[in-house]
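Here's a quick briefing to read alongside the sequence and the model.

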Amino acid sequence: MTKYTIYKAFEKKFPSQIWKIVVDAQSLQVAVETRDNETTKPHLHVFDFAGRSLLENLPVDEKEWTLEALQHQTIILKRLGDTSPVKEGIWFLDLEGNTRYLSHEHTWIDTCVDFVKMRHRSIQSGFEEYLDIRAASKAIGHDSSCDSYNTSLKMPSPYGGLLPPHLSHLTYVDIPWISLTDEKLLISYHSKDEEGYHLNLCVANASNVLHEQRLLQNMPKMIPQPYFQIGHQIFLMSYNKQEIVSYLV
């Protein structure tokens, strides 16, 4: 095996289960929404890609609000509907938990680069407006060509074919998942023994295995999505959904 290693960037534990994770790849920051087990009210956490906390366990009094995005040092929340996915309500918070913008008149439609697309609650379709995240105000002359968002975030793909000969030693349950970083191939897969299921990572190039490591262990079941990836960094959530671990690969 060629000499190579991966490094743990951070390991963060949370007081209750993770409900949602969003990433700002531009600022290298992560926002997490957890939900209190008894009240189901959300709490917000923000930290950087090195695991340093920027906002910790901020309570949100109404459980209808949920985390939508993180851009320009701004936490973006939308309001959940009773009979529909969303209803009127868009809320911007800074990283100290202070309100930058709050509207009960507009419904969130989409999150774009630098903007939130919204519609007035009295309108059923069309007539979208744009909210400038930096300015925390309605935008004038928005260019819709900027509407892509989070294109840096990658998910590994399930792989049902035959692995190349130098990876034939991998013994896995179900199927492996594969992603790329530069010229390296990342193969994540579950194995099983009497202790339970384990999530493993194999890093390889076109002809050699570079590194193998167990990422999660002793789980009662397999997890459906091994990790998400931003550039050379992967992020994975523990089986109990109360911990995020990240590695540089």
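Phe 14 counts as buried, because its relative accessibility comes out at 7%, under the 20% cut-off. This is a predicted model, so take the numbers below as computed from predicted coordinates. Phe 14 has a ring partner in Phe 47, and Phe 47 counts as buried too, at 1% relative accessibility.

**Aromatic rings**

- Searching the whole structure turns up nine aromatic pairs.
- Phe 14 and Phe 47 make a tilted pair, because their ring centres are 6.2 Å apart and their planes meet at 40 degrees, which is neither under 30 (stacked) nor over 60 (edge-to-face).
- That pair ties together distant parts of the chain: Phe 14 sits in the loop between strand S1 (7-13) and S2, while Phe 47 belongs to strand S4 (residues 42-48), 33 residues apart.
- Both rings belong to one aromatic cluster, made up of Phe 10, Phe 14, Phe 47, Phe 49, Phe 228 and Phe 235.

**Charges over rings**

- What sits over the ring of Phe 47? The charged end of Lys 12 does, 5.3 Å from the ring centre.
- Elsewhere, Lys 78 has its charged end over the ring of Trp 108, 3.9 Å from the centre of that ring.

- S2 and strand S3 (residues 29-35) are antiparallel partners over six bridges, and Ile 18 stands opposite Thr 34 in S3.

**The S6-S7-S8-S9 sheet**

- Another open sheet has four strands in the order S6-S7-S8-S9, again with antiparallel pairing.
- Which strands stand at its edges? Strand S6 (65-71) and strand S9 (99-103) do, each with a single partner strand, so one side of each is left without a neighbour in the sheet.
- From one strand to the next, the twist averages 20 degrees.
- Strand S8 (residues 86-94) pairs with S9 in the antiparallel sense over four bridges, and Leu 93 has Thr 99 in S9 as its bridge partner.

**The S18-S19 hairpin**

- Strand S18 (residues 196-204) and strand S19 (residues 209-219) pair in the antiparallel sense, with seven bridges between them.
- How many residues does the hairpin use to join S18 to S19? The hairpin does it through four residues.
- Cys 202 is placed opposite Glu 212 in S19, if you want a spot to look at in the viewer.

**The largest pocket**

- The largest pocket holds about 370 Å³ of space.
- Its lining takes in 19 residues, and those nearest the centre are Ile 21, Gln 225, Pro 226, Leu 236 and Met 237.
- Two elements give two or more residues to that lining: S2 and strand S21 (233-237).

Methods:
Residues numbered from 1 in each chain as written. Predicted model: local features only at pLDDT ≥ 70, side-chain atom pairs only at ≥ 80, totals over all residues. Heavy atoms only, no water. Pairing = 2+ DSSP bridges. Phe/Tyr/Trp six-rings, centres within 6.5 Å; stacked < 30°, edge-to-face > 60°. Buried < 20%, exposed > 50% of the residue type's maximum accessible area, 1.4 Å probe, protein only. Lys NZ or Arg CZ within 6 Å of the ring centre and 35° of its normal. 1 Å grid on protein atoms, 1.4 Å probe; cavity = no way out; pocket = protein on both sides within 12 Å on 5 of 7 lines; lining within 4 Å. Points joined across faces, edges and corners; volume = space filled by probe spheres on them. Axes fitted to C-alpha atoms, helices over the stretch in contact; angles between N-to-C directions.
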